[in-house]
Amino acid sequence: MMRSLLKVSVMAASIAALSHSPAALPQSQLPSLGDRISGIFSLDEEYKLGRDFLRSVRRTTPTISDPLINDYVVNFTHNLAMHSDLQDYRLAFIVIDSPALNAFATPGGVIGVNGGLFLNAHTEGEFASVMAHEIAHVSQRHFARSVEDAQRRRIPELATLLASVVLMGTGSSAGPAAVMAAQGRSIENQLRFSRQNESEADRIGLRTMVAAGYDPADMARLFERLMDISRFTSRPPEFLLSHPVTETRIADARSRAGRIPYRNTGQSDSLEYQLMRARIEVHYASDNSAAVTDFTTRLSDSRTDQQRTTNTYGLALAHLAAEQYDLALQRIDSLLASDPNRITYVVTRADILIAQGSAQQALDYLDRHLRINPSNHPLTMTHVDALIAQRNYTEAARVLERHAVSRPDDHDLWYLIAETQGQVGDISKVHQARAEYFILVGDFRSAREQLNYALRIENSREGNIPLISRLRQRMTEVEQMQRETQG
């Protein structure tokens with residue numbers, strides 16, 4: 001519970017400012033959506049609030065840094081969002097390292113999923129139903145509408161109320177408790193308003209997933225499975241605490257699906273999604289030998305080509321985790337024989353080569369694929385892993401810094417840059433990279449310290465005026481971010 005409260009502390013502080021001063025709810029001269037909501041809480045204000053929340057989550061919560069998983073979530077959700085009602089596409093994503101089922105959306109387009117969502121959504125269509133629902137919360141601006149609704153009814157406890165909504169959105173058990181502690185009738189009205197938001201997110205999310213080519217029946221299928229899960233446990237999955245599933249909700253999803261024209265294109269269960277599920281399963285496996293046995297059994301029981309492919313891939317990953325490198329290579333090579341350019345297979349084969357001590361082989365193998373896809377994130381990070389395995393830290397740092405130009409908001413990337421520059425021995429660049437990392441996790445005091453260290457080093461060198469100027473400008477920017485957050 002303490003960690004969940006830490007997650008929301010930055011948001012709660014921002015919300016508190018809104019509740020105490022009418023002037024703190026800026027009245028935009030030109031509302032970006034042309035409605036009363038934008039006049040109360042603009043898209044830019046939602047964006048800033050969401051990024052504050054994202055920094056807080058990064059700082060307090062373990063995340064999955066797997067480049068393949070993260071790349072899949074980003075690409076999949078952006079594609080889904082293109083079929084949604086979103087007007088602001090400044091989205092950000094985070095994959096929480098937890099096997100518990102959960103997903104959430106915050107103001108400003110921050111969308112989070114737990115690793116456990118992959119475990120519980122058996123098809124990409126079911127996964128899409130959850131992500132489309134979360135996108136709908138953002139596109140319909142349910143947070144801003146909650147602010148407007150609370151202001152209209154003059155709720156004095158706005159800070160407590162909206163902090164509770166955010167806590168519930170992240171699946172925290174502290175959320176309902178905070179709601180109950182706020183105030184009787186006002187809270188009852190707000191919960192009713194939230195249930196309306198959930199229903200609307202279902203309806204609009206269903207429309208989005210169908211527009212993207214997914215079977216509308218997938219939403220009801222997932223709801224039914226979640227209800228079955230909740231029947232056999234004293235504590236339901238986190239997702240169900242903030243997204244309660246009832247017979248009525250399932251019936252509504254079925255009814256809506258039956259009324260939406262849909263042509264089956266086979267998209268609802270893509271191979272790539274199943275490969276990501278296999279990665280998550282092995283990631284959370286408590287016993288690597290048992291994982292090998294499990295995937296071996298599943299492979300022998302496979303009935304379709306996709307099941308055989310997925311279980312072969314899962315078995316390759318299980319062999320890798322169990323340090324059975326020759327067997328892992330045999331399995332992944334059998335998949336590459338029929339699909340030689342699938343990046344997921346290419347990255348996995350390189351990972352196996354690196355793990356068995358053949359980093360140069362991995363580099364040679366990755367070379368052709370990087371020439372075809374020079375900026376691909378999973379390929380680039382695997383290339384860096386191979387360079388680090390060879391202790392070629394100078395080249396690894398060069399590749400990482402070039403990659404950071406297109407991924408300036410990747411906190412894991414900046415952390416690795418700092419570590420790698422430390423091996424190179426460039427202490428100024430260590431401090432610069434650490435500063436960027438601390439900015440992205442919201443620790444502005446530490447970011448300023450790191451920039452000061454870098455400035456001391458650069459001031460002692462000659463002919464470094466451009467870099468010194470950039471560092472001073474960055475210091476000014478960090479100070480401004482810190483003032484905005486504290487304000």
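Me: How many residues lie between β2 and β3 in the hairpin that they form?

Reply: This is a predicted model, in which local features need pLDDT of at least 70, side-chain atom pairs count only at pLDDT 80 or more, and totals for chains, interfaces and linings use all residues. Residues are numbered from 1 along each chain as its sequence is written, and side-chain values use heavy atoms, with hydrogens and water left out. Strands (E, at least two residues) and helices (H or I, at least four) are DSSP runs, numbered from the N terminus. In the turn of the hairpin, G108 has a positive phi of about 80°, and the number of residues between β2 and β3 is three.

Me: In which sense do strand β2 and strand β3 pair?

Reply: Two strands pair if DSSP finds at least two bridges between them. Strand β2 covers residues 103–106 and strand β3 covers residues 110–114, with four bridges joining them. T106 stands opposite V110 in β3. The sense of the pairing of β2 with β3 is antiparallel.

Me: How many bridges join β1 to β3?

Reply: β1 and β3 run parallel. F93 stands opposite I111 in β3. The number of bridges that join β1 to β3 is five.

Me: Are α19 and α20 roughly parallel or roughly antiparallel?

Reply: Axes are lines fitted to C-alpha atoms, for helices over the stretch in contact, and angles run from 0 to 180 degrees between N-to-C directions. The axes of α19 (residues 359–372) and α20 (residues 377–389) come within 9 Å and cross at roughly 155°. Angles under 35 degrees count as roughly parallel, over 145 as roughly antiparallel, 65 to 115 as roughly perpendicular and the rest as oblique. The crossing angle therefore makes α19 and α20 roughly antiparallel.

Me: How many residues of the contact of α19 with α20 are nonpolar?

Reply: Among the residues that meet are L363, L366 and H369 in α19 and T380, H383 and L387 in α20. Ala, Val, Leu, Ile, Met, Phe, Trp, Tyr, Cys and Pro count as nonpolar, Asp, Glu, Lys and Arg as charged, and the others, Gly among them, as polar. The contact of α19 with α20 has no charged residues and four polar ones, while the number of nonpolar residues is nine.

Me: What is the N to O distance in the salt bridge of R298 and E281?

Reply: A salt bridge is a side-chain nitrogen of Lys or Arg within 4 Å of a carboxyl oxygen of Asp or Glu, and a search of the whole structure finds 24 of them. R298 lies in helix α15 (residues 288–300) and E281 in helix α14 (residues 271–283), so the pair ties together parts that are 17 residues apart in sequence. The N to O distance between the side chains of R298 and E281 is 2.9 Å.

Me: How many charged residues does the contact of α14 with α18 have?

Reply: The axes of α14 and helix α18 (residues 343–355) come within 11 Å and cross at roughly 30°, which means that α14 is roughly parallel to α18. Residues that meet include E272 and R279 in α14 and D351 in α18. Besides four nonpolar and two polar residues, the number of charged residues in the contact of α14 with α18 is three.

How values were computed:
Contact means heavy atoms within 4.5 Å.
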